[in-house]
Amino acid sequence: MTLSKALMLSARSRLLMPKVRSASAMHRGKWHDRAFSSGPSSGKVWASVDDAIEDVFDGATVCFGGFGLCGIPENLIAALQRKGVKGLTAVSNNAGVDNFGLGLLLQSRQIKRMIASYVGENKFFEEQYLSGELEVELTPQGTLAEKLRAGGAGIPAFFTRTAHGTVIQHGGNVIKYGPGGVKGGIVEIASNPREERDFDGHGFVMERAITGDFSVVKAWKADEAGNLVWKGTSQNFNPDCAKAGKICIAEVEEIVPTGTLSPEEIHLPGIYVQRIVKGESYEKRIEKRTVSSGSGEIKIDKRRELIIRRAAKELKDGMYVNLGIGMPTLVSNFLEPGVRIELQSENGLLGIGAYPTEDKVDPDLINAGKETITTIPGSSLFSSSDSFAMVRGSHVDVTILGAMEVAANGDLANWIIPGKMVKGMGGAMDLVSSDSKVLIVMEHLAKGGKHKLKQTCALPLTGQRVVDRCITDLGVFDFNKGQDVAAPTLLEIAPDTTLDTVKEATGFEFAVAEPLKTMLSE
């Protein structure tokens, strides 16, 4: 069957179907034509994105697929902007950029509340939150993916170690500032405490599942039965969002007749998808177009190179490793000879290759830092909830992250400066809450010579007693995170650095290893 025939049959099927009153139609107080889910599969194909979102109502909760700008339903978002629906609660890992993706709905003031893990580089998102205009419910990335997956599976709540001991568990994180925003000093809405429970000697917090009135997702290909296929890392949050919506609307690049796709290549069964529509065009904007020069040369500051080279010595052959954004991403470039590791990216890729050459750049293939990448022999692709199952299940051997502050007991803070900088925790809270080894790489001092290694963290925690080792441009510290009284130990010192210099630059007392080795001396 050709697409045009499918569309005609779709329209004819909807005309022949009895009028039913959907939840969204009842909310708007008028009747709406909608094919029963048990009707013909061709009844899922809609003629336009505007038709497909016609019954999205003011105040709806909408789950949006995508990670950064990869795999976002850009045509459906544009249709929602044209429709002018307001007061939305948007559930999405992030909110695009200032002038693209969900950033467009923020600009047009159509979103009332964002439930997200990462603000990132979207300055407009941050400004609306700090001004008190936008409600923002920051949620750890893995928890967000699992809340969506659980919602789609009919599981009302679950327990996780992620965020135990943080403001997410204790409550009080600012969701909305009052009049005057952060400068006004009034908190209008704050997060509630989570229920806590102990399992096998570990603290867990209870998280409620998320379901949406609608889910709006993007896939590469669909058949007329609604079965979906993704390409590259564009899968990310899309399958989890699709399952969590009462009505799933999927835009795709190609629609094929039922039976064209083999069962083995289908990523999401059509039972989860009520409407499919072919996107008219795709910009597929790339946030960080990162390409290889072909020379293999990497130019970085000498102090950072010392940190990165030392961190690379921690990685052994056969390890599964997650590298945070920023400095940690460079570590894999300095592995010891003969060492091969598997890099895990939380947006749904195991086995990250090098940056592509210009002719191999693919907007559907990025890492967690939104950089364009390649795959390697043996790479695998999966959803965000599967990715964080690997993390929470302690299948990742080592996690390397940056930090704003590290405390003497191994506490870590790296996601927010209240009232000033709101980046969001992303996947960091999940990564440090498993049994993986946690390495921190950072410059020893902050701007102005302020301590980053402190007796206690002043900033909101990412994790409580989670740091195993911290590598800076002055030395290497080990942390006794399971012991109340044991001080950190300085294992190694940077070349041409004195012990007195390290003591002055460190905000806690520490033991000194005997002998005290020099970094990279072996």
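Select Phe477 and Phe508: both are buried, meaning under 20% relative accessible area with a 1.4 Å probe, protein chains only. This is a predicted model, in which local features need pLDDT of at least 70, side-chain atom pairs count only at pLDDT 80 or more, and totals for chains, interfaces and linings use all residues. Residues are numbered from 1 along each chain as its sequence is written, and side-chain values use heavy atoms, without hydrogens and water.

Stay with the rings. Rings of Phe, Tyr and Trp (its six-membered ring) pair if their centres lie within 6.5 Å; planes under 30 degrees apart are stacked, over 60 edge-to-face, the rest tilted. The count comes to seven aromatic pairs. Phe477 and Phe508 make an edge-to-face one, 6.0 Å centre to centre with 85 degrees between the planes.

Next, select Lys218 and Tyr282. The charged end of Lys218 sits over the Tyr282 ring, 5.1 Å from its centre. The rule: NZ of Lys or CZ of Arg within 6 Å of the ring centre and within 35 degrees of the ring normal. Then pick Lys221, which lies over the face of Trp220, at 4.5 Å from the ring centre.

Now show the strands, which are DSSP runs (E, at least two residues) numbered from the N terminus. Three of them form an open antiparallel sheet, ordered S5-S9-S8. Strands pair if DSSP finds at least two bridges between them. At the edges are S5 (157-160) and S8 (196-199), each pairing on one side only. Select S9 (residues 202-208): four bridges join S5 to this strand. Finish on Thr160, whose bridge partner in S9 is Val205.

How values were computed
Buried means under 20% relative accessible area, exposed over 50%, partly exposed in between (1.4 Å probe, protein chains only).
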